[in-house]
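Please view the sequence and the structure before reading on.

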There are 2 protein chains.
Amino acid sequence: MTNKTKKRIAIFGSTGSIGTQALDVIAANPELFSAEVLTAMTNDALLIKQALAFQPAIVVIGDEKKYPIVKEALSGTDTQVYCGEKALQEVASMDVYDMMLAAIVGYAGLKPTLMAIEAGKAIALANKETLVVAGDIIIRKAMEFRVPIIPVDSEHSAIFQCLVGEGRNKIEKIILTASGGPFLGRKPNFLMNVKREHALQHPNWSMGAKITIDSATLMNKGLEVIEARWLFNLKPEQIQVVIHPQSIIHSMVQFEDGSIKAQMGLPDMKLPIQYAMAFPQRIPNTFPRYNFKQPNTLQFDEPDLKTFRNLALALEAMKQGGNMPCILNAANEIAVYAFLKNRIGFLDMTDVVEKTMQNVAHIAEPTLEDYFETDGEARTFADSLIQMY
Amino acid sequence: MTNKTKKRIAIFGSTGSIGTQALDVIAANPELFSAEVLTAMTNDALLIKQALAFQPAIVVIGDEKKYPIVKEALSGTDTQVYCGEKALQEVASMDVYDMMLAAIVGYAGLKPTLMAIEAGKAIALANKETLVVAGDIIIRKAMEFRVPIIPVDSEHSAIFQCLVGEGRNKIEKIILTASGGPFLGRKPNFLMNVKREHALQHPNWSMGAKITIDSATLMNKGLEVIEARWLFNLKPEQIQVVIHPQSIIHSMVQFEDGSIKAQMGLPDMKLPIQYAMAFPQRIPNTFPRYNFKQPNTLQFDEPDLKTFRNLALALEAMKQGGNMPCILNAANEIAVYAFLKNRIGFLDMTDVVEKTMQNVAHIAEPTLEDYFETDGEARTFADSLIQMY
C-alpha cells in the first residue's frame, strides 16, 4: 500500500453511530484514508470537533440555523462550510473525494447518494433506506455509471464477503440472520406495553436510535431483505430470514451446489465499515476476536411473523413491489419517531405502517419523481394517523 | 459450458469411498467430465464394473495376480489394462487426462501424485497422507510445475472455498472443525475396550475404514492439521482445532481484520468432490440442503487432547517437522490396520505411534529419498511393536 495515494472519504452523516466509527477507522489508518467531506444534520458541536480533528475540505451542516456557529468555529481553518439540504446534493457531486460513506439515516440519504452515483463515486452504503425506497433506480444508475456499491450493513457486508471470488456461480438463496432484538420470544400482550427506553436496549449491537427501534420491531430485518434483493439481484423467494440470537454469523449465502458460505465475528460495526472502505483489501486490526476456545453454541430458529408483523409487512411490500416499499419505509420512519417521542405505543407502529400501505396508491413502475411524491404522501398519511392517537 | 470440452478425470483409487462418489458426480455431469483413468488396488470386480460403465482409456489393477481377470473382462472394449505399482506411476504421467483425483488411501498415493504433478496435471487431492508425509516437496513441485492442488477433504475444501477472491488478504488463523467422532466425551477407561465394529460407526460422515478409524482416534484431524499447514502455507500456531459435533460448519478462516468466513452444509463428500473437479465453477445439484427452518443448534468446544492423544502427537510431529509427520503417518497406518484386524486395542494405536516417533531417527530437512526410507523404517518398527501384543 505504500505507493498508493490515500482514498478520500466523504462521510455523509458523520456525527451518527456509523459516521463516528468510520472516523475512528480513518484515524487508525491515516496512510490509507483521509476524511474530505463531513456532513451532519443538527449536531453542530460534534461536527465542529470532527472538522478540527480531521481537517476535511468541506463540511455541511444540514440545519441552516446552525451555519453561523459552524462557520465561525472553522474560520481559522481551510475547511469550507456549507449548509442546507441542497448543499448536501451539491457537495455529493464535487470532485473532492473518491468514496461516499452514505450514513445519513432514513430517506434523507437518498438524494445525495444518487448525486454521488451520477458523479461516478464509489459508494459504501450504510443507508439501507436508499435501496428500500428506490432500489431499482439506484441499481440501474450504479450500473450505468459503473459505480460499485459496497454494503456496510453487517448482514449485507457478510453476503458481499461470501460472494467475492465466486464469479458467475449462482446464488440459490441468501440467509439473513436476525438477532431477534430485545423482545425475542415475547408475544403481543407483552409488546403492547413496551416503552422507548426498553426498546432502545439492543442485546448485541450498538447502533443509532432509529435502527435500534427497527431492530426491536424486526422492521430493520424487513428493510434489509428489500435492500438485499436489490444489492444482490435476487427474487423475493431467494431470501430467508433466520433468527440467530448470538449475532455471530452475520449472514450466509447458499449456492446452487448447496454449499453455504457464512461470514462471522463479534458484533462490531467497525469491521464492515472498514471492509467497505478498504475493499478489496482487509485491514489488519486488533478488534476483539470471536473465540471458539470455550464451549459455545450458535442457535437458529424461524422468525415469529405473527408477533413481529413489521417483518411480514416488509415481505409483503417487497412482493407487491413498485412504490410499496417506499410507502412502508416512509410510514415506518414517521411511526418510529412518534414512538421515540412517546406519542404512540410499540404495536401502534405496525398499525401505522399497515394502514398507510393500504391507503396510499400503489404504483407498479414508479419514476424517481413518483418515489419522491409517494414518500411525501405516505408521510402525510402516517402523520395524520398519529394525530389520532 | 456448452462450448467447453469435457474435463478428463483420472481417478486414482476409483473403488474406494471417494472414487465411487466421484464416479457418481461424473455420471451426473457427462457434459462436464469423462473418466479416462480408473485404478484400484485389489477390488477387481468393482473396477471391471466401473470400466464397463465409464469406458475409460486406461485401468490399472494394483494387485498383479488379478491382472488376467481384469484383462479378460475388458477384452471386448477399448480400455487398456495395466497392473502393478509401477504402472500407477507410469499412467500418472500419460497424456490421457487433465485432472487427477488422488483418492488412493495412505502413503501409497504419494508417488503417483508426484508423477502427476511433474506431468503438469491438476490435482484434486483426496489423499491427505501425500501432504502429511512430504508436504514441503509436494508443494514446491506444484509451484515449480504450476499445478493447482485443490483439496477434496471437506475441511480443506471449506477453507479453499473461503479463500477464493481474498487475493493477498492474510490469514490470521484457520479453524478446523472436528466432529469428535463416535467417542466424543469418552475417557480412556472407556476407549481401552472399544472394538473395531464400534469404531467404524461414524456419527456424521460415511467414509472408508481407514479414515473412519482415524476419525475415532482424532488422528484424522491431526493429519488434516498437517495437510492444512502445507496447503495454505501456515505456521503451526495459525491452526486451531475446534470440536463441532454437528459437522455442519466444515471449517473456517479468520482473516487479519478479525472477520471469519465459514463454509457449511450437510456432511456429504460429493459436494467437495464435485467442487474440486469443477472449480472455479459450482455445479447445480439436488443434494439435500441444510435447513435453518426448525430450531437448531451448532456447538463448539475444545478437543480433549489428554484423552485423544493421537491429535496431540500429530501436533507435536508438525512442530518437530522434517520427517516426523512421515514417521507419525507410517506408524499410524500400521497401527490402524492392526486394529482393524483385531490385533491391537484402540489405545494401543496411540502407543505404537508414540513409540515409533521416539525410535525412528529424526531428519530435519529430508530429501524425497529420505521420506521413502523413513516410511519403510517406521513401518518396520511399528510392525515389530505390534508383534509384541
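The sections below describe how the two chains meet.

## Basis of the model

The model is predicted: local features need pLDDT of at least 70, side-chain atom pairs count only at pLDDT 80 or more, and totals for chains, interfaces and linings use all residues. Residues are numbered from 1 along each chain as its sequence is written, chains are lettered from A and ligands numbered from 1 in the order in which they are written, and side-chain values use heavy atoms, without hydrogens and water.

## Extent of the interface

Asp257(A), Arg282(A) and Phe292(A) supply 20% of the area that chain A buries against chain B, more than any other three residues.

## Salt bridges

Six salt bridges cross the interface of chain A and chain B (a side-chain nitrogen of Lys or Arg within 4 Å of a carboxyl oxygen of Asp or Glu). In one salt bridge, the side chain of Asp257(A) meets that of Arg282(B) at 2.9 Å, N to O.

## Paired strands

Strand E12 of chain A pairs with strand E12 (residues 296–300) of chain B in the antiparallel sense, over five bridges (strands are DSSP runs of at least two residues, numbered from the N terminus; pairing needs at least two DSSP bridges). Within this pairing, Thr297(A) has Gln299(B) as its bridge partner.

Technical notes. Buried area = accessible area lost by both parts, 1.4 Å probe. Helix = DSSP H or I, 4+ residues; strand = E, 2+ residues; numbered from the N terminus.
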